[in-house]
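Please keep the sequence and the structure in view while reading.

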Amino acid sequence: MRDVREWTASLVRFVKRRRDPVIVQTLRSAAAATIAYVIALRLSPEAAPLTAPLTALLVVQVTLYATLTNGIRRVNAVVAGVLVAIAFSLLVGLTWWSLALLILASLGVGHLVRVDEYVPEVAISAMLVLGVTTVGDTAWARVLETLIGAVVGLGFNLLLAPPVWVDEAGESIEGLARRVRQLMLSMGEEAAGRTPVEHATERLYEARRLDHDIVEVDAALKQAEDSLRLNPRVREGLLHRVVLRTGLDTLEICTVVLRVLARTLADLAKERESERLFARQAGAAVEQLLSEIADAVVSFAVLVTTDVSRSAESAEERLASQLRHAAATRDKLAQLLLEEVQRDARQWQLHGAVLTEVNRILDELDTEHRSRRLLEELDRTSREQRERMPRLTRFQELLRRNRPALARRSR
């Protein structure tokens with residue numbers, strides 16, 4: 001029985017590793033480069049047409065969108081470099097000063113043709129072609145090999161659709177929310193009693209370190225957004241992208257406010273080194289409130305990363321319930337702080353700041369605020385897409401209008 005469980009666990013780990021971006025990228029790149037080389041051996045006059053596998057290696061990416069965009073820029077970069085090399089070979093040949101001029105001209109041409117990160121590739125292609133004796137034959141052979149590599153790289157992702165990385169991005173967002181929750185719980189426990197300045201300062205440093213976590217989650221989300229673009233497996237790619245992006249934006253705002261809250265509690269700890277940060281009842285209310293908000297943050301992350309409508313509805317109901325309880329605790333805390341300020345007006349600004357920062361987090365997590373923000377972002381993204389690609393937009397609208405008629409004909 002134990003052997004079966006171990007074998008099952010190993011199988012699960014293997015399946016998960018198969019979707020790892022590094023493994024997927026390695027296998028796809030190796031296969032595309034090999035196929036490009038085999039094709040180039042038959043079509044190119046070169047004995048070792050290594051430009052084809054090199055191009056395929058650089059063109060193939062984890063996502064279809066990145067493959068298409070990088071492939072076009074890669075081909076433009078190589079062809080531009082070859083043309084610059086042909087022009088220099090006809091005019092001046094290869095000398096130390098012509099090489100310097102070639103590099104300058106190639107880099108300038110790269111910026112003109114807008115190949116972005118492939119600007120150095122223009123100069124590299126030009127130098128490789130200019131450095132050979134039979135410039136004309138080698139130049140056009142290099143162009144042919146580049147086209148072969150690019151076509152293989154593009155076709156590889158068109159025929160074998162790359163995976164969608166939404167689940168990985170969702171796990172990253174939920175992981176960030178759980179780290180925020182853990183920090184809130186720690187801050188609430190310390191706020192309920194006497195908090196040493198060192199502990200309050202450490203919580204502030206932890207809040208600041210959340211910025212690094214957000215950068216990592218943003219990278220995972222960008223990969224997921226690219227995997228949704230132009231992917232035949234996904235029907236509502238725009239909606240998925242906007243939901244995830246707005247969810248991460250909300251969590252980022254919450255972490256910023258949490259950092260300000262940690263700074264407020266650290267300042268309060270400095271002012272009251274030998275005393276409790278709050279009166280006993282108010283401190284207990286602060287701990288309860290931060291605990292309830294912490295649970296709401298995790299529920300919000302689950303909501304924005306849930307695909308199934310039924311699960312999303314239950315997650316939204318749970319979030320709304322948690323926010324109602326947190327709002328009631330917030331009102332109770334406000335009354336307790338008002339009574340405390342009336343008895344002792346010291347540091348009343350910091351007590352007011354705690355309430356203000358808590359209100360901001362609750363407002364960001366509010367379901368109505370999220371729905372309004374989501375609709376605004378969808379409208380903005382759709383409008384930008386229509387302005388940027390009007391012909392594609394008209395074609396999509398035509399397909400949507402004709403889809404019922406096509407369905408009736410197929411039946």
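## Terms and model

A residue counts as buried when its relative accessible area is under 20%, as exposed when that area is over 50%, and as partly exposed in between. The model discussed here is predicted.

## Packing of helices α11 and α13

Two packed helices are described by the angle between their axes and the distance between the axes. For helix α11 (residues 280–304) and helix α13 (residues 348–365), the axes come within 11 Å and cross at roughly 25°. Angles under 35 degrees count as roughly parallel, and α11 and α13 are therefore roughly parallel to each other. The crossing in which α11 passes α13 is left-handed.

Which residues in α11 and α13 meet? On the side of α11 they are L289, I293, A296, V297 and F300, and on the side of α13 they are V358, I361, L362 and L365. The residues of this contact comprise nine nonpolar, no polar and no charged ones.

The structure contains 11 salt bridges. One of them joins the side chains of D213 and R179, with a distance of 3.2 Å from N to O. This pair links distant parts of the chain, since D213 lies in helix α9 (residues 197–228) and R179 in helix α8 (residues 166–191), 34 residues apart. Is D213 buried or exposed? With a relative accessibility of 17%, D213 counts as buried, whereas R179 has a relative accessible area of 37% and is therefore partly exposed.

Another salt bridge is formed by the side chains of D211 and R259, at 3.0 Å from N to O. R259 counts as partly exposed because its relative accessibility is 21%. D211, with a relative accessible area of 32%, is likewise partly exposed.

## Further charged pairs

R209 forms a salt bridge with E202, and their closest N and O atoms are 3.2 Å apart. R209 has a relative accessible area of 42% and is partly exposed. E202 is also partly exposed, with a relative accessible area of 31%.

Terms used
Residues are numbered from 1 along each chain as its sequence is written. This is a predicted model: local features need pLDDT of at least 70, side-chain atom pairs count only at pLDDT 80 or more; totals for chains, interfaces and linings use all residues. Side-chain values use heavy atoms; hydrogens and water are left out. Axes are lines fitted to C-alpha atoms, for helices over the stretch in contact, and angles run from 0 to 180 degrees between N-to-C directions. Helices (H or I, at least four residues) and strands (E, at least two) are DSSP runs, numbered from the N terminus. Angles under 35 degrees count as roughly parallel, over 145 as roughly antiparallel, 65 to 115 as roughly perpendicular and the rest as oblique. A crossing is left-handed if the near helix is turned anticlockwise from the far one by less than a right angle, and right-handed if clockwise. Contact means heavy atoms within 4.5 Å. Ala, Val, Leu, Ile, Met, Phe, Trp, Tyr, Cys and Pro count as nonpolar, Asp, Glu, Lys and Arg as charged, and the others, Gly among them, as polar. A salt bridge is a side-chain nitrogen of Lys or Arg within 4 Å of a carboxyl oxygen of Asp or Glu. Buried means under 20% relative accessible area, exposed over 50%, partly exposed in between (1.4 Å probe, protein chains only).
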